[in-house]
Amino acid sequence: MIRIVLALVGVGSVLVWQGWVDYGASRSVSADPVPCDLAALEAGRSPPDEHVEFGRHLAAYGEAIYAYSGHAGDGDGDPPDDTRTSYVYYPILSPEHPLYRKLEVLTGPDATPEDFAEMPTLREHGFAVLVKTRRFATVGSIPDSIEPRAGLRGLVVNRLERLDPEDVRLVEEGFPTVDAARLVVVEEDRAPASARIPLAVMGVGILFVVAGLGLFAAPRLGRRSRARLRLLPGGTDGSTDG
């Protein structure tokens, strides 16, 4: 019985918390994505809104970190390629980033052997935006490359909820020059929910909690009721008025 009670209260608490987070997002975030200058974020500015849209950028998939089977991985290939991921984080870079500019030179018609001698790195120059995505279902499907993308939209989740401490640790270890506390973390293709949905989720969560507490309290209330009956005249202990 106690396991059922704990399960109901635990699930209900999670639903209430998630509903509250989503409700806050739906109240404070623009329904339509707001254009955001990625270069401005790299220069230290804040996003104009929690619901943002970026234009042309580089996706540094080769630097991805990811979660799988309840644990975090760092992209070193330790888990098998068919291991299913929960989500993937990867940095994105603006056209003004030194690495983006260098790649444009290297892929251009005027590239020389000297241009390949020195290659800027993310460890050296850092980045401002980390994207959370569920597009890559397995570890092996994560590209080991840096690829240009036309655009991206999503929700700035670390303005609404705290990052998992394990994810923060991996970012800090993988990118020592990056201040994880100042990163902008955007969950790809996520939009603010309608206020009705998180309120409904919270309502279901409250029902779960109440049901769990009710199951926990019912046997104790029953025992107290039986004890009162035994104390009454004519109760089950056999006593009478004479």
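Student: Is Phe 208 buried, partly exposed or exposed?
Tutor: Phe 208 counts as partly exposed, because its relative accessibility is 31%. Keep in mind that this is a predicted model.

Student: Where is Phe 208 found?
Tutor: Phe 208 is in helix H6, and that helix covers residues 196-231.

Student: What makes up the nonpolar surface patch?
Tutor: Val 11, Val 204, Leu 207 and Phe 208 make a nonpolar surface patch of about 330 Å². Helix H6 gives the largest share of that patch, 3 residues.

Student: How far apart are Ile 197 and Gly 19 in space?
Tutor: Their C-alpha atoms are 7.9 Å apart, while in sequence Ile 197 and Gly 19 are separated by 178 residues.

Student: Okay, aromatics. How many aromatic pairs are there?
Tutor: The structure has 4 aromatic pairs. One of them is Tyr 61 with Phe 136, an edge-to-face pair with 5.3 Å from centre to centre and 80 degrees between the planes.

Student: Which parts of the chain does that pair link?
Tutor: Distant ones: Tyr 61 sits in the loop between strand E3 (57-60) and strand E4 (65-68), and Phe 136 sits in the loop between strand E7 (129-133) and strand E8 (146-149). They are 75 residues apart.

Student: Tyr 61 and Phe 136, buried or exposed?
Tutor: Both Tyr 61 and Phe 136 are buried.

Student: And why is the Tyr 66 and Tyr 68 pair put down as tilted?
Tutor: The planes of Tyr 66 and Tyr 68 are at 45 degrees, with the ring centres 5.8 Å apart. Under 30 degrees would be stacked and over 60 edge-to-face, so 45 degrees makes the pair tilted. Tyr 66 and Tyr 68 are both buried.

Student: Which residues form the aromatic cluster?
Tutor: Tyr 61, Tyr 90 and Phe 136 form one aromatic cluster.

Student: What lies over the face of Tyr 87?
Tutor: Lys 132 does, at 4.5 Å from the ring centre of Tyr 87.

Student: Switching to charges. How many salt bridges does the count come to?
Tutor: The count comes to 7 salt bridges. Among them is Arg 134 with Glu 187, whose closest N and O atoms are 2.7 Å apart. Arg 134 is in the loop between E7 and E8, Glu 187 is in strand E10 (residues 184-188), and the two are 53 residues apart.

Student: How do Arg 134 and Glu 187 come out on accessibility?
Tutor: Arg 134 counts as exposed at 52% relative accessibility, whereas Glu 187 counts as buried at 10%.

Student: What does Glu 188 form a salt bridge with?
Tutor: Glu 188 forms one with Arg 135, the closest N and O atoms being 2.8 Å apart. That pair also links distant parts of the chain, with Glu 188 in strand E10 and Arg 135 in the loop between E7 and E8. Glu 188 is buried at a relative accessible area of 10%, and Arg 135 is partly exposed at 38%.

Student: And in helix H5, how far apart are Glu 166 and Arg 169?
Tutor: Glu 166 and Arg 169 are 3 residues apart in H5, about one turn of the helix. An α-helix has 3.6 residues a turn, so residues three or four places apart point the same way. The salt bridge between Glu 166 and Arg 169 has its closest N and O atoms 2.3 Å apart. Glu 166 is partly exposed at 30% relative accessibility, and Arg 169 is partly exposed at 32%.

Student: Last one: what's the phi of Asp 189?
Tutor: Asp 189 has a positive phi of about 65 degrees, although it is not a glycine. Asp 189 lies in the loop between E10 and H6, and at 59% relative accessibility Asp 189 counts as exposed.

Note on methods:
Residues are numbered from 1 along each chain as its sequence is written. This is a predicted model: local features need pLDDT of at least 70, side-chain atom pairs count only at pLDDT 80 or more; totals for chains, interfaces and linings use all residues. Side-chain values use heavy atoms; hydrogens and water are left out. Rings of Phe, Tyr and Trp (its six-membered ring) pair if their centres lie within 6.5 Å; planes under 30 degrees apart count as stacked, over 60 as edge-to-face and the rest as tilted. Helices (H or I, at least four residues) and strands (E, at least two) are DSSP runs, numbered from the N terminus. Buried means under 20% relative accessible area, exposed over 50%, partly exposed in between (1.4 Å probe, protein chains only). A charge sits over a ring if NZ of Lys or CZ of Arg is within 6 Å of the ring centre and within 35 degrees of the ring normal. Patches are made of residues with over 30% relative accessible area and no salt bridge: like charges are joined within 9 Å, nonpolar side chains (Val, Leu, Ile, Met, Phe, Trp, Tyr) within 5 Å. Accessible areas come from the Shrake-Rupley method with a 1.4 Å probe; for residues, only the protein chains shown count as cover. A salt bridge is a side-chain nitrogen of Lys or Arg within 4 Å of a carboxyl oxygen of Asp or Glu.
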